[in-house]
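Here are my notes on the aromatic rings in this model. Please read them with the structure open.

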Amino acid sequence: MSNELDFLSRHVVAGRLSRRDFLGRAAALGVTATFANSLLAGAARAQSPVRGGTLKAGLVGGESTNSLDPASFLTQVPFLFGKCWGEYLLGTNPDGTLRHCIAEEYGASDDAKVWTFKIRQGMEFHNAKTVTAEDVVATLERHSNEDSKSGALGIMRGIESMKASGNEVIVTLKEPNADLPYLMTDYHLIIQPNGGKDNPAEGVSAGPYKVVVDEPGVRHGGERFANYWDADTMGFADQVEVIVVNDSTARTSALQGGQVHMINRVEPKIVELVKRIAGVKIENTKGPAHYVFVAHCNTAPFDNNDLRMALKLAMDRQEMLDKILLGYGSVGNDFPINSAYPLFPEGIEQRTFDPDKAKFHYQKSGHDGPILLRTSDAAFPGAVDAAQLYQQSCAKAGIQIEIKREPADGYWTEVWNKQPFCTSYWGGRPTQDSMYSTAYTSDADWNDTRFFNEKFDKMVIAARAELDETKRKQMYRDMALIVRDEGGLILPMFNDLIDAVSDKVGGFVTGKTHELSDGYALAKCWLNA
Amino acid sequence: MGGPILKLVAQRIALGVVLLFAVSALIFAGTQILPGDVAQTILGQNATPEAVANLREELGLNDPAIIRYFRWLGGVLTGDLGTALSNGQDIATSLGGRLWNTLFLAFWAAAVSVPLAVILGLLAVRYRNGAVDKTISGLALASTSLPEFFIGYILVFIFAVKLQWFPGISTVYEGMPFADRMKAVALPATALTLVVLAHMMRMTRAAILNVMQSAYIETAELKGLAPFDIIRKHAFPNAIAPIINVVMLNLAFLIVGVVVIEVIFVYPGMGQYLVDHVSKRDVPVVQAVGLIFAAVYIGMNIVADIAAIIANPRLRHPK
């Protein structure tokens, strides 16, 4: 009971629950209003930021091959450390809304083609240079250059031209895009002096912490930047440290032994054990990340929609969720969007395991013989087990699946996006538009289902330009239905991102998209004295 | 005695250098047949065809292999190991720190395990087939039969999580105070000691026991010398060559074979560095690390050979 109240009171302080609701809940648990109020006051006290100390995170997802060049960010450690030292044009709040960072204001022309970002004045880079509109333009240029190796290149392609004018940055798009502000929150787009064109890996930006230690694959450290523009919301610890701990057991024991204050990627199978550790809380993010089985729509036998439908109906989603994720996730519905997205299309019928219908479609497809599925634990944790479960549920529908286990090493280069049927994962994107244009439009860089549908492509472009939210929502619903009923994507489940955080940490708020408070945990949290 | 020894030593070293060249060619050839393409692997799931082409061009991957081999070898001979493909860092610089960390850990593991193994081996011989011998051998065999990761996790559980005497993750860094560094390596060094102890101890025991069969030991016994003096003065010096051999093999293992321990204790040594770069197809780093590992093995073997020659006069005068 007290756990629940404690949890709820933290929600009130974080602004996710109203005070009135809290008191109602407390009354239902048989607690007097006076006691409930004192609980609340206690929680509020614990929630007022404390300055000082060294906040440490032990994270999987760092390698000695990492670099501070934001264009090269791929895994969790650079991503999270980037949020400590980097400052963006726009950021995200835990509730998914946009946070104004370097862009103090922004606005679009009526057709959503020309965007103007007003640059906040008086902001300073770590090297004491003032942040200007020119730096912002240079940064965007570097990431949108066709020669660039930037992970943000795909989302920058829609930009036709950009220029700095006084304290404004004016971006003109090739096609209208109502989501541009969301795209600017991409974690690669750290604004750097002269766009990082001189030395992108020097780790200089305008974030709450200055880089003082950079040992790729070992640890990264930052110390508070005295001239940070928004010192009231971020940068409470004197120092932050990211220690790379790729081994899951070592990560858990480091948290348990008090060497770090937070860890990411707790495996579902040990969550119940971690919950029992005194002084440790599990923080679960219901993000847009998902595990998938992808079939190429243009390769036999998957070029037959009946066969694809049979494969979709032969997937026992609930069993996958229960056995692979041990319930830490939610079932998927064969389109890559869940309620973590702002304009999630609601009310689409949930597809369930139906061996009879699957058998019907399978026979209608005329295919005969085994279907080869390639998998590896590189695809997602438990992918091999998932493939075997799928093999069994398919057998119930008379579909024979042959599993080929591929080496983890080289899986992304040799198997995924090359072989016609394999397991994979997606981390999700900030908007539906970016998810669809990354992997589902005909010209997408990673069209890993080889989904070529002209009607769908047109809808993506139309939805991008639509500023009327109701219409847009309807368009996204139609698009989801096309992918769900005609695509090569079999999406059994969305996986939760599970972090564990010490109760010495104050101010932790679960994010909506990424782990550890959308990556802001180190930047925004503090150590309780 | 100086002449022939110097000649033998020079011969061994020359042989080692030739071997190292052969190894360098093998390493280079081996890295060429790794599946996948470095440019694509670096970019991972984010690889677009243009980005891959740009990166290949930039990395000079379009030149023939033989040219790249000699370019590399020339660099190595002048102390230039090149830059890592994946993040552009100078390999010699990043390797220097890692190598130092690995040597630091190996040194402390060896400093504990070698004397301990020899002393335990001597004790086991002195009280052979008795309770002491059986206890020592039993425990040593038990520790060696357990997988490294299991020993590591047990140590972490007891000393880091439960007792909190030592840190469970051993991230060391430059400029770390010596006392902190010692505390950080305490658990991995203990784990390594347990891993290598039994091998060295059993070999010591076996080598001395072998010598104990000799006629001159019987003579010593008949002279009425104390058992421990016989072992110390007469048996041990004659058993030294095989003991040094096994010690050197284990030392080499402590430097090149500790990937698992490094992963468990999050220790920033050479093994972890190599694994990261192999999976990224970062060929120059893989080659550099491979060459250093080969040099360690060859070097240790030369030292063992030379020590054996010095210890045993008969080997100095081959017939």
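1. Rings of Phe, Tyr and Trp (its six-membered ring) pair if their centres lie within 6.5 Å; planes under 30 degrees apart count as stacked, over 60 as edge-to-face and the rest as tilted. Over all chains, the structure holds 22 aromatic pairs.

2. This is a predicted model: local features need pLDDT of at least 70, side-chain atom pairs count only at pLDDT 80 or more, and totals for chains, interfaces and linings use all residues. Residues are numbered from 1 along each chain as its sequence is written, chains are lettered from A and ligands numbered from 1 in the order in which they are written, and side-chain values use heavy atoms, with hydrogens and water left out.

3. One of the pairs joins Tyr436(A) and Tyr440(A), edge-to-face, with 6.0 Å centre to centre and 80 degrees between the planes. Tyr436(A) is buried (under 20% relative accessible area; exposed is over 50%, partly exposed in between; 1.4 Å probe, protein chains only), at 0%. Tyr440(A) is buried too, at 1%.

4. Phe104(B) and Trp108(B) also pair edge-to-face, at 6.4 Å centre to centre and 70 degrees between the planes. Phe104(B) is buried, with a relative accessible area of 7%, whereas Trp108(B) is partly exposed at 27%.

5. Phe104(B) and Trp108(B) belong to one aromatic cluster with Trp100(B), Phe107(B) and Phe178(B).

6. A charge sits over a ring if NZ of Lys or CZ of Arg is within 6 Å of the ring centre and within 35 degrees of the ring normal. Arg181(B) lies over the face of Phe104(B), 5.1 Å from the ring centre. Arg219(A) lies over the face of Tyr173(B), at 3.7 Å.
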